Amino acid sequence: MFSLSLWVTTVGLLVFNANNRVQALDNGVARLPILGYNGYNAFQCNYDEDLLVTIAKQLKSLGLQAAGYNYVNIDDCYAERNRTASGDILEDQVRFKNGMVKLNQQIHALGFKTGIYSDSGWFTCGGFPGSYQNEVRDATTFAKWGFDYLKYDNCAIPYDSITREGTVGRYQRMSDALVQVGKTFNKSIVFSLCEWGWSQVWLWGAAMGHSWRTTGDISPQWDSLAAIINFNSFITQATDFGGRNDLDMVQIGNGGLTLDEAKAHFTAWALMKSPLIIGTNLSAITSDILNIFANKEILAINQDPVVGKSISPFRWGINPDWTSNSTHPAQYWSGPTQHGTVFMLLNTLNQPATMSFNLTESPFIRAGRTYSVRDLWAHTDNGTAIRTFTAKNMPPHGVVALLLKDSGDEPGGLFPACSVWWQCTDKNGTHVGG
């Protein structure tokens, strides 16, 4: 169980970090979460230059580029097993026979940016050359090839007697290299730290990168989603403009999830301001899945140019306050946006449920006011909420996403005089609650 004392200590550190972070890579890119595509979970190592160009064209034809997905990222396995005689990473000479430069030119011509992958150890997780002790060399290669984004993994770590530093130091080496190379080539590269959270990367990632993985790899199963949501519910303070918790790829459309679970998955990732990197085989995408990826009202909150903060829990559902439950994460969430307060209600139960809350449980709601209700999945205006909101018969592992906008004073004569009735007191000291 996640203890209260540990949570308080962690939050204290996060507040300090958020107020004092040094943006070593505050280089004008990734102010907002990255939206894009990475085919590793769909294709593993079975991809080549033709498939990547096809994917870019699919993103365009499906309308996903227009929705904001503008990165096409390469993951592990793109390189030859050995460096060249001069020490450079070399692209696979069969699968990328025309070279990375031409591939980037093709994809850039379609209006996309591109991403590449490497590792802070001797080798990548797939056994290809890592970048340890070759950080500047490899950053230079990636810039020459034309890439705009680097996902940096955490496999094949050198012996302590060689590094004489921890994970922070190994990631700082590449961060510094990207800064150096960026000045040389007048090119800013997004730096995505795939560190898995083992060294509390949410406390230090903002000092050197734009996003940081907080957990291990995702799988398209509810238990995996619930565990990731639960863990990240305790560290939402780490996310803001220019740096954010990365909840891993969006695993919708690869099987394993119901449609309701897929909506919950996408809603949680988007409203927690995670990067949204599609990991689906686009050739098999259904209209229902496409509509999830392209939900403009949800995406608008993920890409809010005014508010960079994640939503956070205001009530923990079936859990005792501030305790961790990897199968039943927090159910009641809210956060500010430029247009109002967004709410996420998450039914973590295995059966339908009715969920209800007092509006002022969210710190972003004013007492004594009414709020118009916009359903961000139904795309409907659902009247006015006064003091409370109830979502009836939510499906198992389902989600409700709402945008509430202040619509004026609540009507007079309501009883009790306070929405939080047990705290309601007249100025003469008389308790006037229900």
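This is a predicted model: local features need pLDDT of at least 70, side-chain atom pairs count only at pLDDT 80 or more; totals for chains, interfaces and linings use all residues.
Local features need pLDDT of at least 70, side-chain atom pairs count only at pLDDT 80 or more, and totals for chains, interfaces and linings use all residues. Residues are numbered from 1 along each chain as its sequence is written, and side-chain values use heavy atoms, with hydrogens and water left out.

Helices (H or I, at least four residues) and strands (E, at least two) are DSSP runs, numbered from the N terminus. Helix α3 (residues 49-61) and helix α5 (residues 100-109) have axes that come within 10 Å and cross at roughly 10 degrees; axes are lines fitted to C-alpha atoms over the stretch in contact, with angles from 0 to 180 degrees between N-to-C directions. That makes α3 roughly parallel to α5 (angles under 35 degrees). On the α3 side, the contact (heavy atoms within 4.5 Å) is made by Glu 49, Leu 52, Val 53 and Ala 56, and on the α5 side by Leu 103, Gln 106 and Ile 107.

Over in the strands, β2 (residues 71-73) and β3 run parallel and are joined by three bridges; strands pair if DSSP finds at least two bridges between them. Val 72 has Thr 114 of β3 as its bridge partner. Six of the seven residues of β3 (residues 113-119) are buried, so this strand is largely enclosed by the rest of the structure; buried means under 20% relative accessible area, with a 1.4 Å probe and protein chains only.

Ile 189 sits in the loop between α8 (167-185) and β5 (190-193) and is buried too, at a relative accessible area of 6%. C-alpha to C-alpha, Ile 189 and Leu 359 are 42 Å apart in space and 170 residues apart in sequence.

As for annotation, an unreviewed UniProt entry places "domain: Alpha galactosidase C-terminal" at residues 328-404; such annotations may be inferred rather than shown by experiment. Residues 328-404 are 0% helix and 60% strand, with end C-alpha atoms 25 Å apart.

Conventions. Angles under 35 degrees count as roughly parallel, over 145 as roughly antiparallel, 65 to 115 as roughly perpendicular and the rest as oblique. Buried means under 20% relative accessible area, exposed over 50%, partly exposed in between (1.4 Å probe, protein chains only).
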